[in-house]
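Q: I'm new to this structure and would like a close look at a single part. Could you walk me through the pockets and what surrounds them?

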Amino acid sequence: MTRRRKERTLNIVITVFACIAAILFLMPTVLTIANSFMTSTEISANYGAMLNNITDSEKTFISENVNLKFLPDKVTFEQYKSVLFKSPDYLLKFWNSVMLTVPITFFQIIIAIFTSYGFSRYPNKYKSVIFFAYIILMIMPYQVTLVPNFLVAEKFNILNTRWAIILPGIFSPFSVFLLTKVMKRIPHSYVEAAKLDGASEFQILTKIYVPMCKGALVSITMLVFIDYWNMVEQPLVLMKDSDMHPLSVFLSQINTGDIGLAFAVGVVYMIPTILMFLYGEDYLVEGITCSGGIKG
């Protein structure tokens, strides 16, 4: 077998494997969307009835007769009518997610822009130590920092408020770390040319650094938004009032007496992240493979 035929065979195997992996990865999402348009009767026929355990009313289980189905026999929007118009709790939780995620994402990016600019433009040994501390904080999981966040929030009397989640999120080191790496790769000759034209530091930041980091900024924004849109631990620990919990926490508490309603809520929950990914897909690829428009 020639080398060319070996490479072609390897490409075919890799392509088939990638297609199978993609199908398996997309299957739960497609199943959720398809089942959200099914009637309650069809869902019950496919999945069986959701039954409450007599000894523990909070535990539920599905009947053993499960039939996965990707195309509904009859399309209906009753589940969405219940979620959007008849059940205000779902919309309230959705709004709670927006009220937490949007401010965190916006202000974290703003702080990251100015902080990363300082790290990249004026490096010294003290800033290197601070940046190393950022890295240490970034690699720590949420479970490690939740206790300090709880104690600080309690000390400042913001426990059980949105600020207990928003403030730590705003100052998260994740965006600073990634954006600093991108800004450091911008050629210094651009800055020197701007200075010769009389540009101020703020103009250098807004006219050179930010435009050249557009792809990275969109990528980081998407990653931060998706991360905090799916947060669970922080609201459970820092918010005792369940009425303030986001939809990500409330998903596990949906009344499982209606599986179709659970499917519909899952689809509504996925819409913001799907739309953001569809809008910023090209920027996401650019932010990963490029550094502010400068090839790595």
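A: A word on classes to begin with: Ala, Val, Leu, Ile, Met, Phe, Trp, Tyr, Cys and Pro count as nonpolar, Asp, Glu, Lys and Arg as charged, and the others, Gly among them, as polar. Keep in mind, too, that this is a predicted model.

Let's take the second largest pocket, which holds about 250 Å³ of space. Its lining is made of Phe25, Leu26, Thr29, Thr273, Ile274, Phe277 and Leu278. Helix 1 (3–35) and helix 14 (259–289) each put at least two residues into that lining, and helix 14 gives the largest share, with four. Sorted by class, the lining comes to five nonpolar, two polar and no charged residues.

Now for the largest pocket, with a volume of about 510 Å³. It has 23 lining residues, and Tyr142, Thr145, Ser172, Pro173 and Tyr228 are the ones nearest its centre. Several elements give two or more residues to this lining, including helix 5 (125–139), helix 6 (142–155) and helix 11. By class, the lining of the largest pocket has 16 nonpolar, six polar and one charged.

Helix 11 (residues 214–229) also leads us to a neighbour: it packs with helix 4 (residues 88–121) at an angle of about 145°, their axes 9 Å apart. The crossing of these two helices is right-handed. The contact is made up of 12 nonpolar, five polar and no charged residues.

Key:
Residues are numbered from 1 along each chain as its sequence is written. This is a predicted model: local features need pLDDT of at least 70, side-chain atom pairs count only at pLDDT 80 or more; totals for chains, interfaces and linings use all residues. Side-chain values use heavy atoms; hydrogens and water are left out. Axes are lines fitted to C-alpha atoms, for helices over the stretch in contact, and angles run from 0 to 180 degrees between N-to-C directions. A crossing is left-handed if the near helix is turned anticlockwise from the far one by less than a right angle, and right-handed if clockwise. On a 1 Å grid over the protein atoms alone, a cavity is a set of points where a 1.4 Å probe fits but cannot get out, and a pocket is an open set with protein on both sides within 12 Å along at least five of seven lines; lining residues have an atom within 4 Å of a point. Grid points are joined across faces, edges and corners, and a volume is the space filled by probe spheres set on the points.
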